[in-house]
Amino acid sequence: MKVVNLKQAILQAWKERWSDYQWAINMKKFFPKGATWDILNLADALLEQAMIGPSPNPLILSYLKYAISSQMVSYSSVLTAISKFDDFSRDLCVQSRISLTSEELSRCRVCIYVHIIFL
């Protein structure tokens with residue numbers, strides 16, 4: 001499969017129901033090694049695709065959570081992408097973003113705490 005852009009790759013993964021691990025492997029094959037995922041706006045693209053319908057897409061959200069846990073994307077890029085959300089008419093999407101924000105903030109606190117301990 002030839003991938004033209006990031007959104008196309010995300011949609012292909014969703015259509016073929018890739019696991020989050022399979023998604024990460026294939027994404028790394030499709031895009032150049034020198035480019036970072038934050039520069040490619042991976043967090044923005046995943047959130048945008050996950051929030052298209054009336055409720056968030058759980059498979060695409062699992063890709064985002066995997067990207068966060070495997071450090072493909074930074075916490076700041078995820079929080080920045082969440083902060084761009086301005087459609088509050090879809091309750092389930094709002095709840096999903098609030099949940100994602102609270103998860104990320106708790107991880108950030110743990111990372112900062114661990115970093116301070118080892119300094």
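**Exercise 1.** Determine the handedness of the crossing of H1 and H3, and then describe the contact between these helices.

*Solution.* The crossing of H1 and H3 is right-handed, meaning that the near helix is turned clockwise from the far one by less than a right angle. The model is predicted: local features need pLDDT of at least 70, side-chain atom pairs count only at pLDDT 80 or more, and totals for chains, interfaces and linings use all residues. Residues are numbered from 1 along each chain as its sequence is written, and side-chain values use heavy atoms, without hydrogens and water.

Next, consider the geometry. The axes of H1 (residues 6–15) and H3 (residues 42–50) come within 10 Å and cross at roughly 50°. Helices here are DSSP runs (H or I, at least four residues), numbered from the N terminus.

Finally, identify the contact (heavy atoms within 4.5 Å). H1 contributes Leu 6, Lys 7, Ile 10 and Leu 11, while H3 contributes Leu 42, Ala 45, Leu 46, Glu 48 and Gln 49.

**Exercise 2.** State which residues Leu 42 touches, leaving aside residues up to four places away in sequence.

*Solution.* Leu 42 touches Leu 6, Trp 23, Met 27, Trp 37, Ala 67, Met 72 and Val 73.

**Exercise 3.** Locate Arg 17 and Gln 71, and classify each as buried or exposed.

*Solution.* Arg 17 lies in the loop between H1 and H2, and its phi is near 55°. Its relative accessibility is 52%, so Arg 17 counts as exposed (over 50%; buried means under 20%). Gln 71 lies in the loop between H4 and H5, with a positive phi of about 60°. At 66% relative accessibility, Gln 71 is likewise exposed.

Notes. Axes are lines fitted to C-alpha atoms, for helices over the stretch in contact, and angles run from 0 to 180 degrees between N-to-C directions. Helices (H or I, at least four residues) and strands (E, at least two) are DSSP runs, numbered from the N terminus. Buried means under 20% relative accessible area, exposed over 50%, partly exposed in between (1.4 Å probe, protein chains only).
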